[in-house]
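Here is a short briefing for a reader who is new to this structure. The sequence and the 3D view come next, followed by the main points by topic.

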Amino acid sequence: MRTPAIRGIIETSLTHWPGRIAAVVFVGGCPLHCPHCPAPHLRGASEEAGEIPRDAVLDTLYRRRRWVEGVVVKGGEPFAVPGLRELLELLKDFSLPVRVDTPGLHPEAMVDGLRRGLVDTVAVEIKAPLTEAYRKAAGGDVDLGALFATTEILLSGGWDHEFRTAVYGDLLTEEDILSIARTIRGARRYVLRSVPGRGPGRAALRRIARRAGRYVRACHLDGLAPEREAGTVPCGLGRDGGAGRG
Amino acid sequence: MSAGVPGMKPVRHVRKRDGRLVEFDESRIADAIYKAALSVGGEDRFLAEELASVVTLFLEKQFPRRPPSIEDIQDMVEKVLMETGHVATAKAYILYREERARQREAARRPAAPAQRSLFERGPIGVIDAVRERAFPFDRETLRRELERAERLPEEEAERVAEAVADRVYALGRRTITTGLIDRLIDAELVNRGLVGALERRVRGSVDRRAVESSLFPKGPHRHGPPEERLAGGILRQFALEEIYPEEVAAAHLAGRIHLDGLEKPAAVLAAAFSPDALRIGGIPGRTGRFRPEAVGTPRRLAGWLGRAVRALAPHVVSGVALCRWNILAAPVLSGLSYDELREEAWHLLTELAEVRGGEIELALSPPPILAARMVREADGTVGEKTYARFTGTSLQLARALLEVRGTGPGLGPRSSLPRLTLALGPEALEEAAAAAVVERALTEALDREPVLLVLDREALPLVGTAAVRIRLEDAARLTDTARLAAVVGARAVVNLRRAALRAGPGNRGGFLEEVAAAGELALRGIEARRAFLVRAAAGPDGPLAPLARRRGGSPPLLDLARATHSLGVTGLNEAVEIAGGEELHESDRALKLGLQALGVLTGACEACRARGIPVDADAVEEASIERRFARLDEEAHPGLAEGRRGRGSPGVALREGAPVDLAVRLEMEGRLALPLRTTTVRCLVGEEERPAAGSLLALLRKMWTNTRIRQVLVGRRERR
């Protein structure tokens, strides 16, 4: 079976799939040239990124099966990589939910994965408002039509999804983030990811998240539970079952 | 031999390293310089002799009255070579000198008695228990001390030191205390009619140097007010000389083991109480019980508990914990609004602020044995409702305490507040309301300071402090929540890294033998301390007597007959690396060696238990103990320990940066935790990889099912 080259793996991660312990599989290849790309060596399909034998990856997943609660497939753009379907089929053999992190530029491949049940959830990274600003953030020409199609499919279909934005101070303003939130109005989850030292502080991000939360069903700050007003009785903590003394 | 310079006394003798006087021979200096010069390409024997005579000249000038030591001469050779521009030769000479020092060190080590002895570098060891140190006896140091502290003129100091040294050697002992040396000096001063000096020495009845060093502290005991340091020094001396057997005290001073709380010999290591134990039984030394109706509201419980804990704190070395506070206080505080509960939490934190080692333990659900029990009402009587019916209030109390401790105003520095511990049963990880509190605690841990989570696997409650956790094995004791109390009497900690260093690199069998020997010393220390604590609790006037007495119908707070004791271990990873060549995470063989070492110690604990002294093995992660061991290891094994400085892994943990993923780390540390009663697995995350609290909760669930970990510290990794 022909599967894409696997460029990297994180055996157990607490950060790539909030709420779950996940294994992360990196497949190379990405059409974008974002100036802030955290893994530029994975961009091309070149050999310089190295390759991990497929069986070694599957073996690792098998050994971690008691810990791992899901597999995250990351790129580049995994949906652009030939043979992704075969890889997803192999991963599905572990009976683990699979999430694909994508820039959302290949809606057909995404829909195919979701329809076949090979992908359980999709996280779309929206780098900037879907205007000229996106092209700047992505470092070149981008088919924004495809990105619009991706958001439309996810917002109107019943599939689980998440939109994400890494907040770099030099690329995005508060208004930009609100503009993205309006584009994905009604989304199930919108996650703002703080970049230590390169974006606004957590307090500022919290404020932005509260404003963006008006457009989506839930807006999280990466690594934090949704905000709650201080001093209120926390939800879920009931009174003593009629046994109180008061 | 130099003819010397007119008007100057020629150097006639040299003091050897072992204290003997031998004839001075300038040609030996010339030989040494010539050899050093040869090694860097020089070949001028005449120049070497010239330089040697310069050295002699300077020696005559600097040591007009006493013979120079070998070290003095070598220092002078270095100085002369440097100052006359023979830098390359000087460097070769220094290297040669270091090499010789290493050889001497190596030659000394295999000699069995020397290696086994406390003083790995000197023929006679001086024990200075006040300052908690040991060092080789040295006549020269004694002379300098007499000159400095007793203000004796140089020749007089030289003669007194000489005479005292002769007596010390004549005693034929391997060790000698500073106290005995002091008496020998006193006697010598009397013999020589130096009454003025003697008068100065014995002015007042307290050791003048101890007072001085408490006012101007140096070294590890420099914290706290001077009066505490002074008392601490004197009590430490008493403890080391009177409570513990000589070999045990020597092992402590050498850093093979660590004896806890020498400054408070009559205090227990740790104690934990339920609020009911204090509420119902009363506070020792105070009359009366907690009576809410006296103040018209249940909301004075915090003040009462604070007063009780402060009364107990002086009798405890490392920690006083209030266990299951939210569960057991819930019936008293039920009916208050959430804001009022937050106020109660604020008061409790304020009451317990500044109590050293103070801890509040929260539980997310009553353990089964408590859940079905009838509650103690506010007035202390047994009511008709069970604790399970107050789960709502107890969760709100836990939440309120977490929230107030994290963000509450006017509480001062967070480090002065009591630590919080969260005990979780499996239901806490599944039920939404309890899981929400755990998530809150995890968020606090990532935002502010680490939180200790106890995975409460036993059906019986586990009570205790972060230092030591105690499983109440005797269910009969839980007929009453007022009896939910536990005490850890004595603790001694084994320095595993030192055991490996003493055995030598690659010596697995020797390492395990050394571990057994150190464990035996530690257990003897525990037995001795335990006997002393029993004495302190007996009779009407013993310092612990008020706490060890029954309070009306309630059991004593410090029940030494039922106390457990603790054999601590630390430094396993480095020990295994030295003895087996690999770190714990590197192979199954290394992990096995680690487990063998722990097995040796838990086996010794079992034997002790069979003799009627309940001792458990615990991992010890206290930074102060690790620092002390590191310093003494470096002193005892300069070459070997050097590369391992700053790499100490506390307790039985893998090295912090060990290249294993989270699951493997937790599985390995879980296996190592198994033979021990208390060990904390550390789950620390970096700022850039901050997980969602929900992910940590998922990890806790997996820890519960996949490992036998009982205690995990969750928090943020400090930036390096």
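Predicted model: local features only at pLDDT ≥ 70, side-chain atom pairs only at ≥ 80, totals over all residues.

Residues are numbered from 1 along each chain as its sequence is written, chains are lettered from A in the order in which they are written, and side-chain values use heavy atoms, without hydrogens and water.

**Helix packing**
- Helix α26 (residues 588–610) of chain B and helix α29 (residues 662–673) of chain B have axes that come within 10 Å and cross at roughly 25°. The axes are lines fitted to C-alpha atoms over the stretch in contact, with angles from 0 to 180 degrees between N-to-C directions.
- α26(B) and α29(B) are therefore roughly parallel to each other.
- Leu591(B), Leu595(B) and Leu598(B) of α26(B) meet Met668(B), Arg671(B) and Leu672(B) of α29(B). Contact here means heavy atoms within 4.5 Å.
- Helices (H or I, at least four residues) and strands (E, at least two) are DSSP runs, numbered from the N terminus.

**Aromatic rings**
- Rings of Phe, Tyr and Trp (its six-membered ring) pair if their centres lie within 6.5 Å; planes under 30 degrees apart count as stacked, over 60 as edge-to-face and the rest as tilted.
- By this rule there are two aromatic pairs over all chains.
- In one of them, the ring centres of Phe137(B) and Tyr169(B) are 5.9 Å apart and the planes stand at 85°, so the pair is edge-to-face.
- Phe137(B) sits in the loop between β4 (133–136) and α6 (139–149) of chain B, and Tyr169(B) in helix α7 (residues 154–171) of chain B, 32 residues apart.
- Phe137(B) is buried at 9% relative accessibility, while Tyr169(B) is partly exposed at 38%. Buried means under 20% relative accessible area, exposed over 50%, partly exposed in between (1.4 Å probe, protein chains only).

**Charges over rings**
- Arg65(A) lies over the face of Tyr62(A), 4.1 Å from the ring centre.
- Lys79(B) lies over the face of Phe58(B), 5.6 Å from the ring centre.
- The rule asks for NZ of Lys or CZ of Arg within 6 Å of the ring centre and within 35 degrees of the ring normal.

**Positive phi**
- Ser95(A), not a glycine, has a positive phi near 55°. Ser95(A) is exposed, at 66% relative accessible area.
- Glu354(B), also not a glycine, has a positive phi of about 70°. Glu354(B) is exposed at 64%.

Technical notes
Parallel < 35°, antiparallel > 145°, perpendicular 65-115°, else oblique.
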